[in-house]
Amino acid sequence: METLLRWTIAARPNARELVAEDFEIDRNPPLGTLQDDDLRVAVLMLSCDPAQKGWMENVAGYAEPTEIGQTMPALGVGRVIESRSAGFAPGDLVQGLLGWADEMIVRASAMRKVRDEPDAPRLALGLLGSSGLTAYFGLTRIGVPQAGDVLVVTGAAGGVGSIVGQLGKIAGCRVIGIAGGPDKCRWLTEELGFDHAIDYKAEKVKARVRELAPEGIDVLWDNVGGQMLDDLLARIARKARVVICGGIARYQQQGRPPGPGSYFNIVFKSARMEGFLLGDFAEDHDIGRDRLRRWLAEGRIVQRDEVVDGLENAPQTLMRLFRGLNRGKLLIRVAE
């Protein structure tokens, strides 16, 4: 009999880096029996997302609280093995909140069907999943880019930021990405089509933005927060739109992060700063998927993912995300 694996939460990594000891492996865990509206799902691929650390810490107010000893949650794609729901049959591909396990029993009402096509799990979790939809709705509905705008993206080499910049180019923006290291910066300009990339590890971001955008930033997409956000708020243009998506700078920070000192520039520039959750646009997700799919087919968007094989590598893979070692979306392949 094949050994099934799952990883459970063993500790809460509050205001510190993730470590291997935050997770515990469980071999051949009991799966239980199916009830009405249940599905038994073979997990195929899992997403690595910054929100997972917040779920472990129970600071993500929009998610159900986690418990020590429960399966580590993750967005994923799986294939139905057994169904107690009229809407799903064995063999269907489903997407939703799964976890670090080979097999799981989940509520059918919490899953959505995924089109069975080549590379379906990767597409569903990357460009057509939370990363692509977050980029699409955050930029189009809040950033509202116009042709000729200067768009600055922090955390630009990540799963969301790399798509935001490409969508900005489709909208006719001049796009400046901020990332760590020369390799990531070359990738942004040479492969993804960003106009400029700033290496925050080697350059003074505020000064470089002043050089590259002397008239100011029209749309600022922020995945970082902290000092970088403060520096960039000082460079916004009149009627700028500031989209708050992530907070990389606060993931390892003790206590509450300080508010940006330059926040009153929002008033001086008659600008707008807004945060959002992907669920805010749930009714329109299919619209976003259709448009992203079309642009991918037309070659106007490049999807870049890093796929790590093996559920046994899940903790080390998630830790890579928080150390900034990935380009594009980071995924774990559990099974074919």
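**View 1. Strand β11 is a mostly covered strand.** In β11 (residues 217–222), six of its six residues are buried, where buried means under 20% relative accessible area with a 1.4 Å probe and protein chains only. Strands here are DSSP runs of E with at least two residues, and helices are runs of H or I with at least four, numbered from the N terminus. This is a predicted model, in which local features need pLDDT of at least 70, side-chain atom pairs count only at pLDDT 80 or more, and totals for chains, interfaces and linings use all residues. Residues are numbered from 1 along each chain as its sequence is written, and side-chain values use heavy atoms, leaving out hydrogens and water.

**View 2. β11 pairs with β8 and with β12.** Two strands pair if DSSP finds at least two bridges between them. Strand β8 (residues 150–154) joins β11 in the parallel sense over three bridges, and L151 has V219 of β11 as its bridge partner. With strand β12 (residues 236–244), β11 pairs in the parallel sense over five bridges; look for I217 opposite I236 in β12.

**View 3. β11, helix α7 and β12 form a β-α-β unit.** Helix α7 covers residues 226–233, and the unit is right-handed: with the strands pointing away from the viewer, the path from the first strand over the helix to the second runs clockwise.

Definitions and conventions
Buried means under 20% relative accessible area, exposed over 50%, partly exposed in between (1.4 Å probe, protein chains only).
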